[in-house]
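Subject: Structure handover

Hello,

I am passing a structure on to you, with notes on what was found in it. Please look at the structure before reading the notes.

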Amino acid sequence: MPLLDVRDLRVEFPTRQGVLTALHDVDFTVDRGERLGIVGESGAGKSVAAFAILNLIGRPGRIAGGSILFEGQDLTRLSTHQMRRVRGDRISMIFQDPMMTLNPVLTIGTQMVETLKAHRRIGDAEARRIAITRLGEVKIPSPEKRLESYPHELSGGMRQRVVIAIALLTEPALIIADEPTTALDVTIQAEIMSLMLDLCKTHGVGLILITHDLAVVSQVTQRVVVLYAGRVVETGETARVVQDPVHPYTRGLLAALPGEGTPGARLNQIRGSMPPLTAVPEGCPFNPRCDFVEDRCRDALPALEDLDGHRVRCVRARDLASGVAA
Amino acid sequence: MSGTATTMTDPASTPARDRVLVEARAVRKVFDLGSHFLERTRREVKALNDVSIAVRRGESFCLVGESGCGKSTLARVIMGLLPPSSGEIHFDGTRIDGLRHKARRPFHRRMQMIFQNPYASLNPRRTVRQTLEEPLRFHLPELSDAEVRETVERVMVSVGNDPTWISRYPHEFSGGQRQRISIARALMVDPEFVVADEPISALDVSIQAQVLNVMMDARDQRDLTYLFITHDLSVVRHFGTRVGVMYLGSLCELATTQALFETPRHPYTRILLSAIPRVSTEEMKPPGLPGEVPSAMNLPSGCVFHDRCPLANARCSAEVPRPLAQDDGTLVACHAVEEGRG
Amino acid sequence: MTHLTARLTALLGSDVLYRFRRDPVALTAFAILVAFVLAALLAPWLSSMNPHDPAQIDIMNSEIPPVWTSGGEAAFPLGTDVQGRDLLSAILYGLRISIVIGVFAVMVQMTLGIVIGLVSGYLGGKVDAFFMRLADIQLAMSTLMLAIIALAVFKAAVGAEFYEDMAIVMLVLVIGFAEWPQYARTIRASVLAEKKKEYVDAARVIGLSAPTIMARHILPNTLSPLLVISTVQVANAIISEAALSFLGLGMPVTMPSLGSLISSGFEYIFSGAWWITTFPSIALITLILAINLLGDWLRDVLNPRLFKG
């Protein structure tokens, strides 16, 4: 049984223009210790998925269907009180902005000790000892001193390390990281992502890495889900998806990366932009931007085609995978 | 020495001057934060320390570095948005820093800028038409209404925008569309030189390529010279002809794009190159850059990179390295490279 | 003009109107305000008499109680004051004067505040320091105190008769000058926020002059806080005027504002003629409450922090 099993997840936001569906029948699983990437551009619904798992969808948004099985219980059916015992304990969250997690008026030590004591029956001294161990694990120099620091005394990279240490405090089974390094410089991003990778391995923690960056996903995760306009368009082993992408959108994304292609030449681009939720086209949501579009793409939504473990939502998935259409 | 010699602090060896369009000579920029009310010392941020670059006509000069390296400050100093604390800015042979408003006016027409944040760079209360017509009416008041309208339409089409957008407000557009409107505004007065300050870093991947292509097309059609500011070396590989790598307010290395990617010399350049995330099946590794960027309020002595550099020795902490030309014209400011260490 | 209409349509089609229609407090406050403004505008047609015209006043009608009490007369629904003026007519005309003084005083404040706030915020440095210290000093003294001193000196200097003719103008100017710091500070704060945005840099790159950038680019983006503060300031100005009139430094009894009506009835409140003070007071309080509720609602709706998302 997987650690996390999300099935047919549907998230809706009622608005003046009608009900907007941010996620349509999204399925994915995370095994114990597995690292899953959820990739998409802004508005694809990737952060909504993270918030849905933690039951943090703000009103008037709501989970309108599907189930989220985590360690055998359906998170969508838990009471607020029960959910609080899962969130921040069995599942930790790391946001893009460390200040979403850190309280600016409390020292790092106070915050870590309080977090621990909220979830465990332990004394201050024991909590401090664990906090120091965790800060050491995220390679913060002289962790004892750092306990007395306030968040504003630390650099962006250091703050994100502290947030990772806090996320690890309760030894969760799953960490959800939403664009954890997007705001950081490339050298710090590489430091922190490789640190997270190591920590997930040594602690056997599952990771959901939510990002727009296929390059980061390719170097950190084992499996990947590509979202487009609230739907899974391609999913499978990361290595296979990035080396042999099938869905025209995934192909386009990979080809558009500036590291690819001939230096000095025009970049491969996907025309148009992702539709807003108010104007998702009929049929395949990608059809107006697709180079391989056919009439049937405009009529009905393609099903997720299973190419032995690599699933693709495209009517031409088999052609494209075998290279016929390319 | 090759043409890159103009970037040296020594003004005697400047053979290719006629080809240089924009030049920053020994620019320093210090931000005075005022003194703390209990302390005597004034707090200063040394954002640029003796930086010289020369952008030649027709090239796409890229400035690369991480946050706080001073690349945007240099761009703003060149554009006259900030006055330099010392040093000179020259445009097409004329010194332009410190020019008064009237005298500077012709240069405003010849140099334009594209900004990072497409959500802040367009005035939310002005229609696309008002935004685009403004530079035209200011610099070319002799144009008739019909000519203005025709120019707006032509430029809009040239950057891939629908000319019917002009009566709408910025909030009705996506980030990529806004950035193309921003590019159109910069191109409106037909400038020779465009500074682009991280123009694609706020955009989605599939949109980044579109915007970069629009900028490359504009360069080809209009003979533009670009100064492109970015933190992303992989973009440089596509866009740049020459690259300057900056760290903590100093220029580390200045090379042609090809030379920089094939034989990076400065230790910082090498680490920066290795840290670019690439699509690969190999697992992410730490880039081997210990510590963090020091505060620009308290610069390290000698080479600003010495306390994080794998090749540093005693000389590096004592003496500031000067940019020295290599065989292929690349300028490298590093004692280790000069001495052949590492 | 077309830009203005386009902007208006954008506003009307926006969330502001949508939220307005769904907010009973805002709707009620707005309805009351509109009723008061209409009543003030149409005072000559709604009133049974012109209380400013001595020829229409009959001293024999003085202190008639409201119509629903014993001794009341149908011709004077809210009763009459000591001079025999119909109280309802006096309130309608008084409302007119109060609103006119409030609105014009705020215009004076706004003009001063916008100019000083824009210049201070955009230029910064010594100019900014000078104006903001000046504002601090002025804020350290109460508006009323300043106004009382100014008006008392003026009244003593020009004589009571001339003063009565000039009262409206003087009140507008004094209240206007006394409260510019609120505007200047609000505008300056939003200018400081706006000038960091890249569209201002873009305007500078084009080569536009500082005054053009301030007027054309920055000012329109500070209008939301301006609108919010204006509602509150109109209320404040009306109160200030009422207070000054109550103290005898405002509108003369021959041309009463709400404040002078309240004042003129005050000495009779214990001799049985309670209505002379009570009804103008109720009118004043309702008006101020409606404006302030609307201001609070506007502040919530236009809060830029709630815009995002």
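This is a predicted model: local features need pLDDT of at least 70, side-chain atom pairs count only at pLDDT 80 or more; totals for chains, interfaces and linings use all residues.

Chain A

Chain A holds twelve helices and twelve strands. Its radius of gyration is 21 Å, close to the 20 Å that the globule rule gives for 326 residues, so chain A is as compact as a globular protein of that length. Taken along the principal axes, the box filled by the C-alpha atoms of chain A is roughly 65 × 50 × 40 Å. As for burial, 47% of the 326 residues of chain A count as buried. If one takes the contacts in chain A between residues at least 6 apart in sequence, 62% of them join residues at least 24 apart.

There is also a record for this chain. An unreviewed UniProt entry places the feature "domain: ABC transporter" at residues 4-254 of chain A. In the model, that span is 38% helix and 27% strand, and its end C-alpha atoms lie 28 Å apart.

Chains B and C

On the contact between these chains, 21 residues of chain B meet 15 residues of chain C. Three elements of chain B each supply at least two residues of the side that touches chain C: helix H2 (101-110), strand E6 (111-114) and helix H3 (128-139). H2(B) gives the most to that side, with four residues. By type, the residues of the side of chain B that touches chain C are ten nonpolar, six polar and five charged.

Most residues other than glycine have a negative phi.

Asn55(A) has a phi near 55°, a positive value in a residue other than glycine. Asn55(A) sits in the loop between helix H1 (46-53) and strand E4 (62-70) of chain A.

Is Leu248(B) buried or exposed? Leu248(B) counts as buried because it has 25 C-beta neighbours inside 10 Å.

Regards

Notes. Residues are numbered from 1 along each chain as its sequence is written. Chains are lettered from A and ligands numbered from 1 in the order in which they are written. Two residues are in contact if their C-beta atoms, placed from the backbone, lie within 7 Å. Ala, Val, Leu, Ile, Met, Phe, Trp, Tyr, Cys and Pro count as nonpolar, Asp, Glu, Lys and Arg as charged, and the others, Gly among them, as polar. A residue is buried if 20 or more other C-beta atoms lie within 10 Å of its own, exposed if 12 or fewer, and partly exposed in between; C-beta atoms are placed from the backbone. The radius of gyration is taken over C-alpha atoms; the globule rule is 2.2 Å times the number of residues to the power 0.38. UniProt positions are given in the numbering used here, feature names are shortened, and annotations may be inferred rather than shown by experiment.
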